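Thank you all for coming; please have the sequence and the coordinates open while I talk.

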Amino acid sequence: MRSGAPTAPARLDRPPRAELGDYSTNLPLLLAGSIGDSPRAVAERLGALLSERLGADLERVEVAGPGFLNLFMAATWWRRAAGDTLKAGASFGAGGAQPPERMLLEFVSANPTGPLTVASGRHAAYGDSLARILGFHGHAVEGEYYVNDQGGQIDRFAESIRARARGEEPPEDGYKGAYVIELARRIEGADELELDELARLGVASMVEEIQATLDRAHVSHERFFSERSLHESGALDRTLGLLEERGALYRHEHALWLRTSAYGDDKDRVLRRSNGELTYFASDIAYHEEKRARGFDRLIDVLGADHHGYVRRMLAAWQALGGDPERFELVIMQLVNLLERGQRVQMSKRGGEFVTLDELIEDIGVDAVRFFLVQRSHETTLDLDLALARAQSQDNPVYYVQYAHARIASILRNAGAERVREALDANLTRSSGDLHPSELGLLKRLLELPAEVAVAAERRAPHRIAAYAHEAAQDFSAFYRDCRVVGAAEDGGDEIFRIALCVHAGRVIATALELLGVSAPEQM
RNA sequence: GCCCCCGUAGCUCAGCGGAUCAGAGCGAGGGACUUCUAAUCCCUAGGUCGCAGGUUCGAAUCCUGCCGGGGGCGCCA
């Protein structure tokens with residue numbers, strides 16, 4: 001667009017109230033400026049044009065407010081839309097990514113020094129749902145878990161296991177949770193193994209547990225990537241060499257520094273300490289260089305709020321490696337505050353006092369956990385009162401959505417396979433007559449799925465799908481209340497059309513739940 | 001000191017690439033089960049969208065400042 005053209009995007013919206021039309025556009029408002037005519041006049045002209053073009057599909061247009069154009073579609077248009085989308089089957093809403101990309105999504109990556117906490121659970125629920133949404137939208141997504149299986153914390157972890165194996169208390173800065181005792185018991189000869197070997201075994205055991213927990217949470221990663229392997233494969237040395245070649249390194253007071261400040265960081269960062277040890281940051285850079293070499297179109301890291309200070313330096317390092325900053329996203333997840341009857345529950349792996357993801361799943365069920373943890377935007381702190389979550393398990397929104405799905409299944413069972421098949425094959429535009437407002441409301445909602453998926457994918461916002469699923473369930477409930485399906489003729493409805501609508505609604509709700517990793521039961 | 005997130009109905013929060021955006025759920029009060037699942041549905045909330053400026057024909061939505069809450073700022077990971 002040339003200068004003088006509107007800068008705001010033209011939109012086709014669904015007005016907040018049905019009386020305002022089926023669709024509305026702000027186009028006249030945007031065009032008025034460059035055309036040099038009043039918005040309402042532009043709206044009049046555009047409306048006339050649309051009426052001509054759309055013919056019988058358009059019932060009428062109205063110019064409203066400062067210059068909106070509200071469109072009222074005819075019943076036949078809706079019937080055709082229903083028929084068309086029904087043909088798309090379970091893939092309705094899929095695809096559309098512009099352009100489709102190969103993505104690597106790193107999420108959870110919790111230290112293998114203890115069980116996953118509820119905070120990790122939020123990362124898991126978010127990351128896994130995001131991966132599903134991005135994939136459904138047409139991207140090729142791989143999920144990855146970075147295992148920090150080396151470094152000072154792992155040493156302390158090993159020391160803690162050994163102490164427990166010897167019946168002693170863990171060191172002051174060690175891991176004091178009861179699970180370490182269990183771990184010590186499970187590892188044979190833990191009291192006299194070399195620390196390095198003990199660390200290896202302890203981490204392996206912990207990673208296994210973490211994987212089992214993730215399985216229970218229906219969260220999957222394509223790959224677990226070991227930090228240690230970067231050292232062993234020489235990847236770390238190669239990365240340092242690369243940075244050296246690019247002139248990004250320098251030595252100062254016996255330490256090796258990366259010039260991250262050249263790429264927007266506040267100050268430079270140490271890669272090799274004066275005592276000769278490499279920092280965590282150094283391996284992380286090697287890890288990202290490794291990811292880069294694998295040739296993805298885009299990397300997304302999901303990090304905890306406590307890592308936000310890390311974002312700038314990681315991006316700087318990425319650029320120092322020659323990476324395109326547009327192709328590397330760092331998503332910061334805000335915290336989960338766990339409350340128990342209003343009391344804050346402390347979450348520290350070393351302190352050993354925390355609520356695990358396993359416990360939460362045990363408490364309220366996987367479906368509720370998944371739904372709860374992605375219900376709120378990842379950018380906002382999530383307060384989760386455990387007592388409340390337990391008590392609410394009956395009124396939990398997830399049950400509401402699942403119930404709608406089960407109810408649809410029940411109706412379709414009632415209608416019988418024969419009628420359902422008939423509905424799927426029927427030409428829905430054959431019958432005429434107006435749609436019931438609740439039929440229309442539901443249909444409109446179902447037609448929004450592709451747009452909702454697109455927004456959720458583009459903004460990395462799974463919570464939108466949770467909200468959408470709930471809205472779809474609400475609209476179905478209204479439809480159920482007002483419109484008899486089996487035996488619709490009794491109140492003047494079209495049974496075939498309504499069965500088709502049920503099939504469609506069931507698929508859409510199932511799709512939304514699937515994107516959240518929540519089951520869609522046939523009966524409850 | 002610097003950085004991040006938040007401040008919207010009693011509570012938990014959506015909305016925040018501006019206009020038709022003042023919403024949902026829960027809680028509370030009152031109704032509805034000879035009806036395809038009552039794990040449901042219907043009615044009842046009048047909240048200065050933290051405060052003050054600014055940009056705009058138009059701001060909860062963008063900008064600035066301030067107040068309040070949470071978190072982070074290591075040659076830890």
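His 288 is buried, since its relative accessible area is 1%, where buried means under 20% relative accessible area, exposed over 50% and partly exposed in between, with a 1.4 Å probe and protein chains only. This is a predicted model, in which local features need pLDDT of at least 70 and side-chain atom pairs count only at pLDDT 80 or more, while totals for chains, interfaces and linings use all residues. Residues are numbered from 1 along each chain as its sequence is written, chains are lettered from A and ligands numbered from 1 in the order in which they are written, and side-chain values use heavy atoms, with hydrogens and water left out.

His 288 sits in helix H10, residues 280-293; helices (H or I, at least four residues) and strands (E, at least two) are DSSP runs, numbered from the N terminus. Leaving aside residues up to four places away in sequence, His 288 touches Glu 106, Leu 299, Asp 301, Met 314, Trp 318 and Phe 328, a contact being heavy atoms within 4.5 Å.

Two of those partners, Met 314 and Trp 318, bring us to helix H11, residues 308-320. Helix H11 has 13 residues and reaches 19 Å from its first C-alpha to its last, close to the 18 Å expected, that expected span being 1.5 Å times one less than the number of residues. The buried residues of H11 are Tyr 310, Val 311, Arg 313, Met 314, Ala 316, Ala 317, Trp 318 and Ala 320, and what covers them includes helix H9 (235-245), strands E9 (255-258) and E10 (269-272), H10, and strands E11 (298-304) and E12 (328-333). After H11 comes Gly 322, whose phi is positive, near 100°.

Which residues have a positive phi although they are not glycines? Ser 109 is one of them, with a phi of about 45°; it lies in the loop between E5 and helix H4 (118-136) and counts as buried because its relative accessibility is 14%. Arg 460 is another, with a phi of about 55°; Arg 460 belongs to the loop between H18 and H19 and is likewise buried, at 12% relative accessible area. A further backbone detail is the peptide bond from Gln 98 to Pro 99, which is cis, with omega near -15°; Pro 99 lies in the loop between H3 and strand E5 (102-106).

Why can helix H17, residues 437-447, be called largely enclosed by the rest of the structure? It can because 10 of its 11 residues are buried, and these include the charged side chains Glu 439, Lys 444 and Arg 445. Among the elements that cover the buried residues of H17 are strand E2 (23-25) and helices H3 (75-87), H18 (449-458), H19 (463-482) and H20 (495-516).

Now to the cysteines. A search of the whole structure finds zero disulfides, a disulfide being a pair of cysteine sulfur atoms within 2.5 Å. Cys 483 is in no disulfide, and the nearest cysteine sulfur, that of Cys 502, is 9.4 Å away. Both are buried, Cys 483 with a relative accessible area of 2% and Cys 502 at 0% relative accessibility.

The grid has a 1 Å spacing over the protein atoms alone; a cavity is a set of points where a 1.4 Å probe fits but cannot get out, a pocket is an open set with protein on both sides within 12 Å along at least five of seven lines, and lining residues have an atom within 4 Å of a point. Grid points are joined across faces, edges and corners, and a volume is the space filled by probe spheres set on the points.

The second largest pocket has a volume of about 460 Å³. Of the 14 residues that line this pocket, the closest to its centre are Leu 12, Arg 14, Glu 448, Ala 451 and Glu 452, and the elements giving two or more residues to the lining are strand E1 (12-13), H17 and H18.

The structure also holds one cavity of 30 Å³ or more, and the largest cavity has a volume of about 50 Å³. Its lining includes Arg 122, Tyr 126, Met 333, Pro 462 and His 463, with H4 and helix H13 (366-375) each supplying at least two residues.
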